[in-house]
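Take the structure below and walk through it from the whole chain down to single contacts.

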Amino acid sequence: TAEKINNVKIIHSDQKNPYLLSSSEEKSAMKKHQKNKGRLTVPRRPKWDSSTTPQQLEMMERESLLNWRRGLAELQENQDLLMTPFERNLEVWRQLWRVIERSDLVVQIVDARNPLQFRSEDLESYVKEIDPRKKNLLLVNKADMLTLKQREAWAEYFEENNVNFRFFSAHLAKEKMEAEMLKESQEDDLAESTKKLNVEDEDEELEEDEEEDNVAAKLADPDQSLGPHILDVDELEELFLANSPESLPEGEDSEAPTKRKTTIGLVGYPNVGKSSTINALLGAKKVSVSATPGKTKHFQTLYLSPEIMLCDCPGLVFPNFATTKADLVVNGVLPIDQQREFTGPSGLVAQRIPKHFLENVYGVKIRTRPLEEGGTGITTASELLRAYARARGFSTQGLGQPDESRAARYVLKDYVNGKLLYVHPPPVPEGEEPTDPNVFNKELYDLAHLPPKRQALLAKTIVDVETGVVADAEAGAEPDISSFASQAADNQPGLRSRNLDSGFFGTATGPSAGRLNMPFNHKYTEQGQQIRQNLTGRKERMMIALERGVDVSEVRGSAAGSKKHFKGNKRRAKAKRNNGEETEDFY
């Protein structure tokens with residue numbers, strides 16, 4: 001702290017990430033997004049008839065796409081808005097047009113962690129423009145990552161905005177299918193045990209049957225919401241049949257023969273789980289799945305049943321607003337392995353995921369800069385990546401510094417895959433206070449959301465920070481993961497401050513040694529008078545006894561060093577020398 005120069009301020013380069021927005025900048029960007037939301041459209045296919053030649057149709061489609069791209073480019077330049085890297089290839093949009101024209105029900109699959117980022121409202125309008133009898137469905141995939149309260153909050157938002165939605169989890173459907181296959185293989189061994197349990201579980205089965213009947217009744221009415229309920233494969237198949245129209249003519253002529261099959265079009269962003277959803281519905285791996293966005297290149301048709309045909313459209317990035325490029329990376333829109341700038345996305349992960357949860361997931365200790373040394377109290381991207389790189393042994397060639405770039409790829413992939421969970425809260429109407437994301441995601445950072453290996457390890461080494469008592473997990477104790485956060489250590493002075501204090505107030509001698517001076521008014525303060533007053537008599541002997549670890553009675557006046565005893569001993573020694581006697585050295 002500068003005492004004489006008051007305009008000195010220590011500035012660190014990592015306090016403000018240049019690739020991220022501040023809270024005020026983000027609010028202004030969101031206002032711009034809401035103002036220009038109506039201009040986010042998808043290209044329309046030009047109308048044609050039997051007299052239109054293929055050359056004319058191709059020319060009309062290219063002109064329509066160019067006009068659409070000019071409008072979005074003008075929006076970006078004039079309004080200074082960042083948009084998703086939306087699809088600019090005409091052939092991909094042609095596949096979407098074909099899927100929409102063939103489908104009776106267009107299912108838009110979105111990621112449950114941020115549904116609005118992956119939803120295209122104009123696509124739903126375009127489906128109704130082609131044929132009012134076609135229906136839309138918003139399938140919120142990866143719903144198993146959300147807690148019950150989070151699903152209820154999003155269900156309430158969709159219901160208020162009249163959105164036909166359902167929650168689904170391809171991961172849970174896959175696990176259920178594998179469990180059923182395992183159960184069938186072990187059916188003979190479990191036959192006797194199931195007979196014994198049938199009598200005891202009759203009441204529970206009746207309750208489950210009633211719940212299933214209620215769900216089936218709601219599925220029969222597509223406009224009725226199921227709330228936070230997560231559909232299984234059978235319920236999703238029933239939903240497809242319930243949402244499909246009874247009959248649609250194949251041509252424009254109403255007297256034409258009706259279609260016998262129901263076509264379900266699956267549309268969505270890359271890496272939201274379209275292929276995984278199809279594999280869960282078919283019960284086998286019919287479609288290739290990859291973590292890299294854009295694995296599916298061409299749309300394909302698959303029969304779910306003799307009555308239902310699935311039409312899988314390749315992953316398509318619709319035009320949508322984005323605050324930063326880092327937001328697109330953590331949402332899985334941009335491939336992680338192809339990114340060179342990693343501090344922005346890693347900074348978002350460090351801001352959204354609490355420090356104690358990161359430390360327990362990876363088994364590392366993240367050292368953050370204390371507040372007194374210019375820190376902000378929030379983990380930075382460099383601090384997170386350095387801790388991860390040191391723990392995994394990632395180092396750069398030559399200098400041997402922690403390889404932050406390599407560590408960022410692993411951390412970002414864990415975030416995209418759901419190992420590090422963060423769910424965006426639903427927006428609130430204007431005038432109301434927005435939901436705090438930290439409170440909305442608080443339940444995701446407990447011991448149950450850690451990997452199984454980390455849970456087993458932490459259950460054995462649970463220490464309370466305040467008491468220092470080790471909790472016995474086997475005795476039924478339910479520890480709180482925040483006890484591992486070592487939050488008490490964050491309030492301690494930093495290493496640089498401790499080194500400075502020990503060097504200044506240490507035992508060093510010379511002109512550079514620090515010394516403690518009394519304030520100018522020390523004569524008039526009680527503390528100053530106590531410091532200046534020397535101890536004598538009984539208090540002095542007591543202090544000496546405490547220092548030597550002996551009884552007070554064993555401390556003589558000479559040992560206490562009082563002035564009176566000192567003079568008396570000196571006189572006795574002088575008298576003995578005058579008498580020629582041998583004297584003892586009292587000192």
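The paragraphs below go from overall totals to the core and then to one helix pair.

This is a predicted model. The protein has 587 residues, and 38% of them count as buried. Its secondary structure comes to 24 helices and nine strands. The accessible surface is about 37,200 Å². Carbon and sulfur atoms account for 48% of that surface. Now consider contacts between residues at least 6 apart in sequence: 66% of these join residues at least 24 apart.

The largest nonpolar core holds 109 residues. Helix H3, residues 90-102, gives the most to this core, with seven residues. Which residues have the most contacts inside the core? They are Phe-240 and Leu-420. Start from Phe-240 and set aside its neighbours within four places in sequence.

Now turn to a helix pair. Helix H13 spans residues 343-352, and helix H15 spans residues 381-392. Their axes lie 8 Å apart and pack at an angle of about 90 degrees. Angles of 65 to 115 degrees count as roughly perpendicular, so H13 and H15 are roughly perpendicular to each other. On the H13 side, the contact is made by Thr-343, Ser-346, Gly-347, Val-349 and Ala-350. H15 contributes Ala-381, Leu-384 and Leu-385.

Conventions:
Residues are numbered from 1 along each chain as its sequence is written. This is a predicted model: local features need pLDDT of at least 70, side-chain atom pairs count only at pLDDT 80 or more; totals for chains, interfaces and linings use all residues. Side-chain values use heavy atoms; hydrogens and water are left out. A nonpolar core is a set of buried Ala, Val, Leu, Ile, Met, Phe, Trp, Tyr and Cys residues joined through side-chain atoms within 4.5 Å. Buried means under 20% relative accessible area, exposed over 50%, partly exposed in between (1.4 Å probe, protein chains only). Helices (H or I, at least four residues) and strands (E, at least two) are DSSP runs, numbered from the N terminus. Contact means heavy atoms within 4.5 Å. Accessible areas come from the Shrake-Rupley method with a 1.4 Å probe; for residues, only the protein chains shown count as cover. Axes are lines fitted to C-alpha atoms, for helices over the stretch in contact, and angles run from 0 to 180 degrees between N-to-C directions. Angles under 35 degrees count as roughly parallel, over 145 as roughly antiparallel, 65 to 115 as roughly perpendicular and the rest as oblique.
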